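Here are my notes on the model you sent over. Have it open beside you while you read.

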Amino acid sequence: MTQLVVGGAQMGAIQRADSRKAVIARMIALMEEAASRGVEMLVYPELALTTFFPRWYMEDAAEVDAWFEREMPGPQTAPLFEKARELGIAMTFGYAELTPEGRHFNTSILTNRKGEIVGKYRKIHLPGHVEYDTERAFQHLEKRYFEPGDLGFPVWRNEGVVMGMAICNDRRWPETFRCLGLQGVELVTIGYNTPSVNSQMSAEGLKERLFHSELSLQAGAYQNATYVAGIAKAGVEDGHPLMGGSIIVDPNGFVIARAETEEDELIVAPCDFSACAFGKSTIFDFARHRRIEHYGRITSQ
Ligand code: CDT
C-alpha cells in the first residue's frame, strides 16, 4: 500500500521581463513550504520557468530560442534540483525544450525523491495556430513554436506509484487519460496555462473555462480510477489573464484539494494509492469490459 502526500505548486503570473533566476527562487519558496507541510511529490505548471510566451508573435529564431532550455538541469535550474534532493521531494515541472538537434517541444519532466530525472513527456495536443491571426483577441502560437510530442504517453513507477504526465490542452482529450489508464496509471500530473477568456468567443469567460477544466480532470480521474493533479500558472501576465483553478482529484472523481487564488499557492492532498484498485478491478476493469472491436474509428480517423 503506497501513500504519498501530493502537492500542487500553482504559480502566479510570470512577466515577460522576469528572469529565470527570479522564477526559480519562487519555485524553491513553494518547495520549502511544501516540505514544511509534508509533501513528497510536488507538481508545478506547464512552462513553469517563463511567461506563457506563445501569446507573443516572434519571427526571429534567436528571440524564440531564448525561451527554451538546452539542458535539464542547466545552470539556472540546478538549484531547484539541489533543493528537491535536499528536501527529498519528487517533482514534475514543464519547460520549453530545445534538443541538440534543434527540435522544439513543450516538455515536462518527472524526478524521484533523489532529484534524478526518471521520466520525460512532450506535449502531444498542441492548441492554437502557426501564423499571426488578426481575427483573435490575442495569439496562441503553440503550433508555431513547438512540434507535437514524439514520446507517446508513457508511465513510470516512481516512488512506488505508477505516474504519467500530460500538459494543459492534453487534459481535454479522453484519449490522453485512456492511454495512461491502460498502463495502470495511479497519478496523472498536468500543468497548464489557460487564458481566462477565449480569444475567439467572447461569451466564454472564466466561469465556463474553470468548469471545462474541472470537468475534464474529474472525468479523467474517475474513468481511469486514478488520482489527477491539474496545476495552473495563473494571474495577469503583461495584461493577459490566465485562470487558476488548480485541483487534485481522487480516483472517484472528487476534488480533494483546490487553489483559491491566482497567485503562487500550494495545495496539498495525502493520497492513498490503494484507492485506485477498486475502480480498476470493477467498473473500469479494462480487460473485462472494454470492447475494442468497436473502437477502430478512434485511431483510423
Ligand atoms: N497551454 C494550453 O494548452 N492552453 C490551452 C488553451 C486553449 S485555447 C487555444 C488549453 O487547453 O487550456
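Which residue is the bridge partner of Val-155 in strand 7?

Two things before we start. This is a predicted model, where local features need pLDDT of at least 70 and side-chain atom pairs count only at pLDDT 80 or more, while totals for chains, interfaces and linings use all residues. Residues are numbered from 1 along each chain as its sequence is written.

1. The hairpin. Strand 6 (residues 155-158) and strand 7 (residues 161-167) pair in the antiparallel sense, with four bridges. Gly-164 of strand 7 is the bridge partner of Val-155. Two residues lie between the strands of this hairpin, and Glu-159 has a positive phi near 55°. (Strands here are DSSP runs of E, at least two residues, and helices are runs of H or I, at least four residues, numbered from the N terminus; two strands pair if DSSP finds at least two bridges between them.)

2. Six strands line up in the order 5-4-3-2-1-14, and the pairing is mixed. Strand 5 (117-122) and strand 14 (265-272) are at the edges with a single partner strand each, so one side of each has no neighbour in the sheet. On average, neighbouring strands are turned by 25° against each other, direction ignored.

3. Inside that sheet. Strand 2 (residues 41-43) and strand 3 (residues 90-98) run parallel and are joined by three bridges. Met-41 has Ala-90 of strand 3 as its bridge partner. Helix 1 (residues 20-36) packs on the sheet, where it touches strand 1 (3-10), strand 2 and strand 14, and its direction makes about 145° with that of strand 1. (Axes are lines fitted to C-alpha atoms, for helices over the stretch in contact, with angles from 0 to 180 degrees between N-to-C directions; a contact means C-beta atoms, placed from the backbone, within 7 Å.)

4. Two helices side by side. The axes of helix 1 and helix 3 (residues 78-87) come within 10 Å and cross at roughly 10°. The two helices are therefore roughly parallel, a label for angles under 35 degrees. Helix 1 contributes Ile-24, Met-27, Ile-28, Met-31 and Ala-35 to the contact, and helix 3 contributes Pro-79, Leu-80, Lys-83, Ala-84 and Leu-87.

5. The record. UniProt, in an unreviewed entry, lists residues 9-273 as "domain: CN hydrolase"; such annotations may be inferred rather than shown by experiment. Over residues 9-273 the chain is 24% helix and 27% strand, with the end C-alpha atoms 20 Å apart.

Notes: Contact = placed C-beta atoms within 7 Å. Parallel < 35°, antiparallel > 145°, perpendicular 65-115°, else oblique.
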